[in-house]
Amino acid sequence: MTAALRGALSVACAPCHDCGLLCRMPAPAAQSALCPRCGAAVHERKPRSLERTWGYLLAAVFCYLPANLMPILKTTTLGRAQADTIMSGVIYLLLHGMWPLAAVVFTASVVVPLLKLIVLITLLVSVHRASGWRPIERTRLYRMTEAIGRWSMVDIFVVTILVALVHLGNLATVEAQPGAVFFGAVVVLTMLAAESFDPRLIWDRSEGRTR
Ligand SMILES: [Zn+2]
């Protein structure tokens, strides 16, 4: 090992999130520094990761029930109004022989959000208990949850298809209902929760760190 490399390793550095410049942290345990090139705040870790992830997650759990129990769509045909929840929409599709679409809506709207909530809560609890259980698998689980977040727009896509179908069926009007707002909130809040979680926390125990 060269002297220069040894010197570099002894100094605490962190990459800038905005421009990628490797910045020197002022003290080994410093919470943040300013990037000398672009002026962005540089953090060695995501700041207050656990508090923020819990906050977003609890809000998402709170919205999950109304998202599934309240109507998301109201359709009106010749003066007859009908409000549908996600589940009644799935059942409607099943009864009309559109089971592949029913499977997509059920998976994207009910199963995936629930799995994301369960995985993130499990990860948070395991970090709080300083668990040394299968860190590689837990990191993979986190990466999957984060990747699924990018596909959350599938839900919007599904609603678009539904609206198109309803129009094809000569229905007069389609209106969004309060359940749709809660549903959108669950999607956004779980994405923010996954984004706030710092997977390096999973590895702290094996490296002897207590943060
Ligand atoms: Zn920068």
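Biologist: What makes C16, C19, C35 and C38 the residues that coordinate the zinc ion?

Modeller: Their SG atoms sit at 2.3 to 2.4 Å from the zinc ion, and a donor is an N, O or S atom within 2.8 Å of the metal (3.2 Å for Na, K and Ca), with water not among the atoms, so sites may look incomplete. So the four SG atoms count as donors. Bear in mind that this is a predicted model, where local features need pLDDT of at least 70, side-chain atom pairs count only at pLDDT 80 or more, and totals for chains, interfaces and linings use all residues. Residues are numbered from 1 along each chain as its sequence is written, and side-chain values use heavy atoms, leaving out hydrogens and water.

Biologist: Why is the site of the zinc ion called tetrahedral?

Modeller: The angles among its four donor atoms run from 106 to 114 degrees. Four donors count as tetrahedral if all angles lie between 85 and 135 degrees, so the site of the zinc ion gets that label. The ideal angle for four tetrahedral donors is 109.5 degrees.

Biologist: Is C16 buried or exposed, and how do you know?

Modeller: C16 has a relative accessible area of 5%. Buried means under 20%, exposed over 50%, and partly exposed in between (1.4 Å probe, protein chains only), so C16 is buried.

Biologist: And why is C19 called partly exposed?

Modeller: C19 comes in at 30% relative accessibility, so C19 falls in the in-between class.

Biologist: What makes a set of residues a nonpolar core?

Modeller: The members are buried Ala, Val, Leu, Ile, Met, Phe, Trp, Tyr and Cys residues, joined through side-chain atoms within 4.5 Å. The largest one here has 31 residues, and L57 is one of those that touch the most other members. Helix α4 (99–128) is among the elements giving two or more residues to this core, and α4 gives the most, with ten. A second, separate core of eight residues includes C16 and C35.

Biologist: How do you know which residues Y56 touches, beyond those up to four places away in sequence?

Modeller: Contact means heavy atoms within 4.5 Å, and on that basis Y56 touches L189, L192, A193 and S196. Y56 and L189 are 133 residues apart in sequence, yet 5.4 Å apart in space, C-alpha to C-alpha. With a relative accessible area of 27%, Y56 is partly exposed.

Terms used:
Four donors count as tetrahedral if all angles lie between 85 and 135 degrees; four count as square planar and six as octahedral if opposite donors are over 155 degrees apart and all others between 65 and 115; anything else is irregular. Helices (H or I, at least four residues) and strands (E, at least two) are DSSP runs, numbered from the N terminus.
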